[in-house]
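I opened this model to look up its charged pairs and its nonpolar surface. My entries follow in the order I made them.

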Amino acid sequence: MQRRRLFFQLGFFALFLLAPALNLLRFDLHEAQLWFLGQRWSLGIDAFRAGEISANQAAIQIFVRAFLPAIALIAAFLAVAWKYGRLYCGWLCPHFTLVETLNAALHRACGKLSIWDKHTTRRAGVKPSARWWPVFFALCAVFGFLWAITLLTYLLPPAEIWGGLLAGTLTPNEARFLIAGSLIFTLEFAFARHLFCRFGCAVGLFQSLVWMANPKGMVVAFDRDHARDCRTCTTATYPQGSACDNGCPMRLHPRNIKRMMFSCVQCGQCLDSCEETRTAQSREPLLEWKVGADAVRETLRQRKAEREAAAVLERKV
């Protein structure tokens, strides 16, 4: 699964970087012109100003060429999120691809996947070394600059931006944008990349909201009847146990109830870890994806377990 996911991530990452240069998607501020799939995308406003079409025809063109495609794209995107959650984040999002890359570099530097983690995450074959700190911050700076210049090429001709950068002829506004953007993205990658994914990204937030509203949406189901078997949960990568928790790039606890998994990106790393340790014990995995009626039953089991736990707590009090 993770090989397939990496293939999708790298493919979409390359598409994100090359789309402006190939005119697949960008808006040219000089010409006030949208480019889409190599073609100039006109709304018919210029033809209306020239008197070539009527106001009604211009309105129809704006609706057909602007509003209708936008509505269809948003509807399709949210339909996927409704059923599968933040699938885009875990399998396509360029930012999340960099998050996982920086997680690995930071882990080699200090044994943590985030600077804000309270405890280290042990991984077999990885011994934290201070030599990795410069590598981590260098990657943050390089990715921050790459993000800033790529976003600028979505607004201005890529040849102009890259040519101006190499020749040292960028305009003051372009230079200011690159400096400010690089600084902001570098700081975000270094200190707040997980926080941004969980709370600051509007794309991820709306996916989560739509997914949470659907009781049949795909969830990571946990077989609580065999929960005590998790005490022997170890893998070659995570020999200290809790492989599913330690493997989650979003720093979540996959065995938790759905409402506590709000920012789950459906990357499947927790499922792979569980399958690895259970296969070694010749047993069925305790974690698996559930969708549809199975997801509803899982949600009902979670609520029942939550009520029972609350009742036990009240009796103790």
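**Entry 1: salt bridges**

I found E288 in a salt bridge with K290, with the closest N and O atoms 3.3 Å apart. I took a salt bridge as a side-chain nitrogen of Lys or Arg within 4 Å of a carboxyl oxygen of Asp or Glu. E288 is partly exposed, at 39% relative accessible area. My cut-offs for cover: buried is under 20% relative accessible area, exposed is over 50%, and partly exposed lies in between (1.4 Å probe, protein chains only).

I noted the ground rules here. The model is predicted, so local features need pLDDT of at least 70 and side-chain atom pairs count only at pLDDT 80 or more, while totals for chains, interfaces and linings use all residues. Residues are numbered from 1 along each chain as its sequence is written, and side-chain values use heavy atoms, leaving out hydrogens and water.

How many salt bridges does the rule give? The count comes to 5.

Next I looked up R251 and D117. Their side chains meet in a salt bridge at 3.2 Å, N to O. The pair links distant parts of the chain, 134 residues apart: R251 sits in the loop between α11 (243-247) and α12 (269-280), D117 in the loop between α5 and α6 (132-153). Helices here are DSSP runs (H or I, at least four residues), numbered from the N terminus. D117 is buried, with 15% relative accessible area.

**Entry 2: R5**

I then turned to R5, in helix α1 (residues 2-18). Is R5 buried or exposed? I logged R5 as buried, because its relative accessibility is 4%. Its side chain meets that of E100 in a salt bridge of 2.8 Å, N to O. This pair also links distant parts of the chain, with E100 in helix α5 (residues 94-110), 95 residues from R5. E100 is buried too, at 17% relative accessible area.

I listed what else R5 touches (heavy atoms within 4.5 Å). Beyond four places in sequence, its contacts include G90, W91, F96, C267 and Q269.

**Entry 3: nonpolar patch**

Last, I checked the surface. W116, F137, L183, L187, F191, L195 and F199 make a nonpolar patch of about 760 Å². Patch residues have over 30% relative accessible area and no salt bridge; like charges are joined within 9 Å, nonpolar side chains (Val, Leu, Ile, Met, Phe, Trp, Tyr) within 5 Å. Areas come from the Shrake-Rupley method with a 1.4 Å probe; for residues, only the protein chains shown count as cover.

Which helix gives the largest share? I wrote down α8, with 3 residues. Both α8 (172-191) and α9 (193-200) supply at least two. F199 lies in α9 and is exposed, at 59% relative accessible area.
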